[in-house]
Amino acid sequence: MPLSLQGKVAIITGSTAGIGKAGAIGFAREGAKVVVSGRNRQRGEAVVDAIKKQGGEASFIPADMLAVAEIERLIEKAVNTYGRLDVFWHNAGIVGPDNVEDITEEVYDNALAVHLKAAVFGAKFAVPQIRKVGGGSILFTSSVAGLKQASYSMTYSLAKTGLVMLAKKLAVDLAGDNIRVNCVCPGRVETEMRIAIAGEKAKELGISPEEWVKRDIQRIPLGRYVTEQEVIEAALFLVSDKAASITGVALPIDGGFLAV
Ligand SMILES: NC(=O)c1ccc[n+]([C@@H]2O[C@H](COP(=O)([O-])OP(=O)(O)OC[C@H]3O[C@@H](n4cnc5c(N)ncnc54)[C@H](OP(=O)(O)O)[C@@H]3O)[C@@H](O)[C@H]2O)c1
């Protein structure tokens, strides 16, 4: 059985840590040449080393997703490095507590830019490259917060909802080019982002982060957090030919969180 991404080139934004890092390692294991990206060079190069140690191929290309010029350069450099682009996965993200009364313009602009504006411009520059190779996949990391409002952060929910609609819009517009566009919508995944949220939430309630996580898990029918690997399995499926008929979907990987 051939590897599902053999011969393909994939860019994963926000792959210096967490879900994206696991994605870079997983995509490389499936045969893809992976462009690891983020702002932290040391972490990015460590991911590349890990991939090379397992016999895969990867390069680190730094880019700040808040800067459109850097997004354009990332895609240009990726194509210069590997000669083609098949998969663009915009996964980079941030989260901080906010709501309508304490929102500042800076918090709003950063949240919407890193998730949504970067996805729009990432797609703008990736599409012509993916079209050149006869089609491929665009994937966005949305969230359960893109399908159900999140009490923790208004801007996060807005941006993640925007990604779901962007995937539908692009799925229709790009279907004729054989470019499929989908979202993964993780529930709770134990990464640095999740640990930070647990810390903030616990502080609000005057309990320990461990106690908050215990209570949080009670809201998940399967009774545990999702693993990074489980998100990667879904991402791999969506970008691979196994999902050749699937476009415009937002797939929850959430242990049943949204079903409640
Ligand atoms: N963890 C969860 O429970 C969960 C649930 C649902 C959805 N998600 C989503 O999953 C994605 C990954 O989250 P994670 O939990 O893996 O978070 P994480 O461990 O905090 O990693 C975040 C990644 O995003 C990158 N990043 C942040 N700001 C960036 C910027 N301005 N430019 C370029 N890269 C940037 C970081 O790289 P650098 O620091 O190197 O820039 C890092 O690689 C995010 O979109 C998040 O919203 C997470």
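Trainee: How far apart are the centres of domain 1 and domain 2?
Mentor: The centres, taken over C-alpha atoms, are separated by 25 Å. This is a predicted model, in which local features need pLDDT of at least 70 and side-chain atom pairs count only at pLDDT 80 or more, while totals for chains, interfaces and linings use all residues. Residues are numbered from 1 along each chain as its sequence is written.

Trainee: Which residues belong to domain 1 and domain 2?
Mentor: Domain 1 is 9–188 + 227–253, and domain 2 is 190–225. Those bounds come from an automatic or database domain assignment.

Trainee: How many residues of domain 1 are in contact with domain 2?
Mentor: Nine residues of domain 1 are in contact with nine of domain 2. Contact here means C-beta atoms, placed from the backbone, within 7 Å. The domain 1 side has five nonpolar, two polar and two charged residues. Ala, Val, Leu, Ile, Met, Phe, Trp, Tyr, Cys and Pro count as nonpolar, Asp, Glu, Lys and Arg as charged, and the others, Gly among them, as polar.

Trainee: New topic. Where does the ligand lie?
Mentor: Both domain 1 and domain 2 give residues to the shell around the ligand, so the ligand lies between them.

Trainee: Which residues come nearest?
Mentor: G14, G18, G38, R39 and G93, out of 30 residues around the ligand. A residue is near if its C-beta atom, placed from the backbone, lies within 6 Å. The elements giving two or more residues to the shell are α1 (18–29) and α6 (192–205). Helices are DSSP runs (H or I, at least four residues), numbered from the N terminus.

Trainee: And the shell by class?
Mentor: It has 11 nonpolar, 13 polar and six charged residues.

Trainee: Back to α1. At what angle do α1 and α8 pack?
Mentor: At about 55 degrees, with the axes 9 Å apart; α8 is residues 228–239. Axes are lines fitted to C-alpha atoms, for helices over the stretch in contact, and angles run from 0 to 180 degrees between N-to-C directions. The two helices are therefore oblique to each other. Under 35 degrees counts as roughly parallel, over 145 as roughly antiparallel, 65 to 115 as roughly perpendicular and the rest as oblique.

Trainee: Which residues of α1 make that contact?
Mentor: G18, I19, A22, G23, G26 and F27, against E228, Q229, V231, I232, A235 and L236 of α8.

Trainee: What about α1 and α2?
Mentor: Their axes come within 10 Å and cross at roughly 25 degrees, so α1 and α2 are roughly parallel.

Notes. Contact = placed C-beta atoms within 7 Å.
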